[in-house]
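Please keep the sequence and the structure in view while working through the points.

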Amino acid sequence: MESENGPQFRVKLASTDAELRAAQRLRYRVFVEELGGDGPMVDHDSGLERDRFDPFFEHLILLDEAKNGSVVGVYRLLRDDRAQRAGQFYSEDEYDLGVLKRSGRRLMELGRSCLDPEYRGGAAMLHLWNGLGQYIAAHDIEILFGVASFHGTDPQSLAQPLSLLHHRYLAPSELRVRAREDHFQAMDIIPEAELDRRAAMLQVPALIKAYLRLGGHVGEGAFVDHSFNTTDICLVMDTSRMSDRNKSIYNNRVTP
């Protein structure tokens, strides 16, 4: 919760069709209206961004009780046992996840993270992350991963940040997933010695920066997603390598 005059946050797992639809409406506003995405199951008439994986993902939602419980933040969560029921992880359409799946460790995929524009830059994302941390602890998740996006589909315009991520944050071999060969976009476009690191980091979206601060890495190669108007990278995080200080952000309870 926040102060009386500000938002009153609550984090929970969506448990009703109405809550799922509210999450999909927020996704539509962000990923379709704001970022220009689309997809075969997007419902433009109803304003719902959805796909075939939604029945298998759990949806962590952030509510603002000061606005009648409006859904103002969303995270999709897919544990490895639920991915088996789906037949694959969502990311496997873009990345070869074999190195993770062969590890024998508990995996969870994250996706469709978004906030209502009104709540960006404040405490809302921290509340979502607190809830996420509780879920991770409850299910003994060892490796987190998921695609994260840059807006746009021209890798040359993203050469600085993509190259920076490749040179400075490439995952170790035991975590290094790789973009599918048929859509592989090399990220080491600019030699490390020629990078303007400050300018490059300014182009990195805030969510990706946050994962990097927590100890995240990137897979090898990017995936250009023309249907969603994004250039995707795959972020991977070994939860055992997170520092105690970083783990301490996870301290709120997720309610059913």
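1. Helix 7 spans residues 206-213, and its buried members are Ile208, Ala210, Tyr211 and Leu212. Here, buried means under 20% relative accessible area, with exposed over 50% and partly exposed in between (1.4 Å probe, protein chains only). Helices (H or I, at least four residues) and strands (E, at least two) are DSSP runs, numbered from the N terminus. The cover over these buried residues includes strand 3 (70-79), strand 5 (107-115), helix 4 (124-138), strand 6 (143-151), helix 5 (159-169) and strand 11 (230-238). Just after helix 7, Gly215 adopts a positive phi of about 105 degrees.

2. The model is predicted: local features need pLDDT of at least 70, side-chain atom pairs count only at pLDDT 80 or more, and totals for chains, interfaces and linings use all residues. Residues are numbered from 1 along each chain as its sequence is written, and side-chain values use heavy atoms, with hydrogens and water left out.

3. Confidence deserves attention. The average pLDDT (the predictor's confidence in each residue, from 0 to 100) is 91 for the protein, and 93% of the residues score at least 70. Where pLDDT is low, the predicted coordinates should not be read in detail.

4. Is Asp238 buried or exposed? Asp238, which lies in strand 11, counts as buried because its relative accessibility is 6%. Its side chain makes polar contacts with the side chains of Arg105 (3.0 Å) and Ser240 (2.7 Å). A polar contact is a pair of N or O atoms within 3.5 Å; within protein, one must be able to donate a hydrogen and the other to accept it, and residues adjacent in sequence count only if both atoms are side-chain atoms. Leaving aside residues up to four places away in sequence, Asp238 touches Arg105, Glu142 and Leu175.

5. Helix 1 (residues 17-34) bends by about 30 degrees at Tyr28, the bend being the angle between axes fitted to the seven residues ending there and the seven starting there. Its buried residues, among them Ala22, Leu26 and Phe31, pack against strand 1 (9-13), strand 2 (58-64), strand 3 and strand 5. Just after helix 1, Gly36 has a positive phi of about 80 degrees.

Definitions and conventions. Contact = heavy atoms within 4.5 Å.
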